[in-house]
Amino acid sequence: MHKVLPALVLCICFHYNVCGQEFKITGSVVDASSTQPLEATTVYAESPKDSSLVAYTISDENGYFELEDRSLLKEFNLYFSFNGYKTLTMKVEVKPEIKLGAVQMEPQTQELQGVDVIGDRVPITVKKDTLEFNADSFKTRPDANVEDVLKRLPGVDVDSDGKITVNGKEVNQVLVNGQVFFSNDPKVATKSLPKEVIDKIQITDTKTKTQEFTGEEGDGENKTINLTIKKDKNKGVLGRISAGYGTDERYQLNGLLNHFNDTERVSFIASSNNINNSGFSFDEIYDMVGRTRGGYDGARESGLLNNFGNGITTSSNLGGSYANAEKGKYEVDGNYFFGYSDSFNDQKTNRENILPDGRFFTDSDSKFRGSSNSNRGSASLEFDIDKTLRVTLEPSMSVSRTDSYNQNTSVSYDEDGNLINRNNRTTRDDGFQRNFSNRFSIIKKLDTLGRFVSLRFSNNNNENRNASNLSSLREVFGNESEEQTLDQFSEVDNKRNNYEIQGEYRHPIAEKMFLDFEYEYSHDDRDNQKEVFDFNEEEGSYNLFNEELSSNFNFKNIQQTPSLGIRRNGEKLNFRIAAEYKFTELSNQDFLQNTSFSKSYENLLFNARMRYSFGKNKRFNARYRSNLNFPSVNQLQPVPNVSNPLNIVIGNPELSPAVSHNINFHYNDFNWKDRTGLYAYLNVDFQENKVSGISTTDENFLRTTRFTNIDGNYNGWAGFGYSKEVKKDSTITAKFNLRPGVSFGRQVSFSNGVRLEAESFDISPYLSTTINYRELVEFEPGYGITFNNTQYNLDNFEDVKFTAQNASLRTTIYWPKNVIWGNDIRYTYNGNVGQGFRKDAVFWNMSLGLEILNKKATVKVLAYDLLDQNINTRRTTGEDFIQDFQGTVLKRYFMGSFTYKFDQFGGAKPQGGGRFRRR
């Protein structure tokens, strides 16, 4: 192997330097009649032989463009495309420098719009609020999925766990033909759908229902990707099935079936595995590997893996989805999922507890075993009564059961290593959760000037029941040694019913200027009933009612919020400033403890946002938001929680709501000529009256924690991202990413009457590269390092500094023909973790796949954690602690698998409906 790689590199360098003719085409695109520059005109070159894309660029705000590349062709067809104008075509001879001067484009006549066949091949189209890519214009391997083509798009970044960002903004949903595909999790669509069925990839700011219907732009906080299906693929069946079995009885089974019939889609998904996999990925290289590293689990984040607790999960899922639409009439979709899981996790923590006059140490070991099953269903029903009236209904319901066993041993030592206390406890829980939510909205356009009125009603009703056994032995050593035994049975029945109604009216006051009048009423009612029974040794049953630890609690939060805002919806400048006056009535009554209180609050809150566009590719956003944050029921209940006898927690019914002030700035710029992208961001959150802990620790290190409102807390993060794309003909493409960032904050609490402050400042630079040679070899190296620094306000306590590093290398080789060899290697280092915790590890996954049956099937062998070094270790700090953690992770296994694709398409009817829908 050490002889092959240098030869391969030499071959690449030779090809890169001597093959093909360099060329550079410059000019300016203008309107033929007015000579006004046409910004964001797509300029692209195609091969005359097969219409394959050679190069492309976008004109700047002055209409100027530079198209620079290298090609083996003697000549190519050059196209100019701008929305609303006739596509201009010219034949160009390839030579080092070509100056075209002013290129004039003529407007498209109304009757001819939409019939431009050449326009279907435009690689990029910049519209008012949408960036559209032609999927076929971006070369990938033949069996690529949507995620693979997204990685090729300028300004788009996909990390190793499938998270998608566009110019630094996270993509929070991926739609198919304008509709939800199974789940709001973007990875379900990007990992399961093949590129070959995708026509266009449309990227826009995520919009609310109101913004979608009124046609205004989104706020720009998140991005939405819409995938349109090709006309000849939009009627037929697309399916995938996969099965694998390996050492240590590891296995995975999963299947996906989609039936497309123009705007109608029916989909089914099923999976079962014991490797923490969500089951919706059919990647021929890197699927079936669980990807649990450093505490992250993408399957759990997707919501399709039904479990609680970390560790290793055996799960089974079955789901179905339906979507249909008729343009101008209705758009409906719905889904149902059943999930079952068994989980186990063994973990240990070493915690240094900070006191005003010293410190003590607590070592904990725990074993968790749990199972759960759930049924979940949701739907979205939109009906356009006419062009001015839309009615929307969005119900959702879930029912789940959980069963768990948790065993924990905690031991505390003083600074000299003397044993002070110890606790052994076991809990068994049997839970039931039920949730129903619904959102009903009506919006009516009153004219064409932007005037509208809307009414929204929503409800959220949930119930959480739990039966629990607690068995605990707490021992205190030293001069006043003692033992405390708890053997209790408790039943908890929590109910929460929340109802909201909101009305909005928008009134135009000038061109592009509007007034927004809103009123919202909210009624939140929570019932918390907890009955605790001690074990009666004489009768052998739990029948001794413990009134001190029991409660029958009702909490009401009623809010009325009138607001007034002014906004401007302009091409360049877009802003909204609003003030709301929030009337809040809180009431609390504990029928068992015979305590009650009621409070009223009035808060004037402001919200503002501004977006300024310097051109089609440069944008600056600023936002300020203030919100009320209410304490949880557990923080309000004045009832001791003894689930951890070493730290008894008691609520405070006198707590006030906290007020948060959030400030956010974001700037992004993509230079199409140089293929460079730049974004910068800053986010700071200041918190008034934050609910924080007040802890009292006695001489035996037994702690009691209560709550109060404290000022002085804040947190934030800032950074920038820079990307550079390099492409030379169809030989080598490279993408470089630099993403340095910082995070900072202050956490405040009280310990033994002394105010504790922990100020953190972390620096995290990250650099990555993707290099692809002729779609045969792909290298993806990356390196990141984090410098953590936490300062405490105690004179007798030193600052805490530690370093974490992460280096990765992902290689994929598509050679020889029909063979795919993948390697995913990561090195992690966690500095300053304590004894007994492994600091570093090399995590290496390797797979070798063979495509058979005319590439409809893949046989694969993979090795997970080849070196058997996978770890889940990390260090964290807080206002009164420093903690090292280590948990259960998947270890080395080998698996063989078989994947089969079955697709059948027919008909080439144009796709209708499919409005570009955002949630």
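Start with the aromatic rings: a search of the whole structure finds 21 aromatic pairs. Rings of Phe, Tyr and Trp (its six-membered ring) pair here if their centres lie within 6.5 Å, with planes under 30 degrees apart counted as stacked, over 60 as edge-to-face and the rest as tilted. This is a predicted model, in which local features need pLDDT of at least 70 and side-chain atom pairs count only at pLDDT 80 or more, while totals for chains, interfaces and linings use all residues. As you select, note that residues are numbered from 1 along each chain as its sequence is written, and that side-chain values use heavy atoms, with hydrogens and water left out.

**Two ring pairs**

Select phenylalanine 535 and tyrosine 542. Their ring centres are 5.1 Å apart and the planes stand at 65°, so this pair is edge-to-face. For accessibility, buried means under 20% relative accessible area, exposed over 50%, and partly exposed in between (1.4 Å probe, protein chains only). Phenylalanine 535 is partly exposed at 29%, and tyrosine 542 is partly exposed with a relative accessible area of 29%.

Now go to tyrosine 792 and phenylalanine 797. The centres of these rings are 5.1 Å apart and the planes are at 75°, so they too make an edge-to-face pair. Tyrosine 792 is buried at 9% relative accessible area, and phenylalanine 797 is buried at 7%.

**A ring cluster and two charges**

Next, pick Tyr56, Phe133 and Phe138, which ring pairs link into a cluster. The criterion is NZ of Lys or CZ of Arg within 6 Å of the ring centre and within 35 degrees of the ring normal. For a lysine example, show lysine 445, whose charged end sits over the ring of phenylalanine 213, 4.6 Å from its centre.

**The nonpolar cores**

Select isoleucine 124. Leaving out residues up to four places away in sequence, isoleucine 124 touches Thr42, Tyr56, Ile58, Leu131, Glu132, Phe133, Phe138, Pro154 and Trp672, where contact means heavy atoms within 4.5 Å. The largest nonpolar core has 42 residues, of which Ile124, Leu150, Ile201, Ile225 and Leu227 touch the most other members. Such a core is a set of buried Ala, Val, Leu, Ile, Met, Phe, Trp, Tyr and Cys residues joined through side-chain atoms within 4.5 Å.

**Two sheets**

Switch to a cartoon view. Strands (E, at least two residues) are DSSP runs, numbered from the N terminus, and two of them pair if DSSP finds at least two bridges between them. Four strands form an open sheet in the order E3-E2-E5-E6, paired antiparallel. Strand E3 (53-58) and strand E6 (88-93) stand at the edges with a single partner strand each, so one side of each has no neighbour in the sheet. Colour E5 (residues 75-81): E5 and E6 pair in the antiparallel sense over six bridges, and phenylalanine 80 stands opposite leucine 88 in E6.

Another open sheet has three strands in the order E4-E1-E7, with mixed pairing. Its edge strands are E4 (64-71) and E7 (98-105), each pairing on one side only. Strand E1 (residues 21-31) runs parallel to E7, joined by six bridges; zoom in on threonine 26, whose bridge partner in E7 is lysine 99.

**Last stop**

Finish at glutamate 547, in the loop between strand E27 (541-545) and strand E28 (551-569). Glutamate 547 is partly exposed at 46% relative accessibility. Beyond its neighbours within four places in sequence, glutamate 547 is in contact with Leu592 and Gln593.
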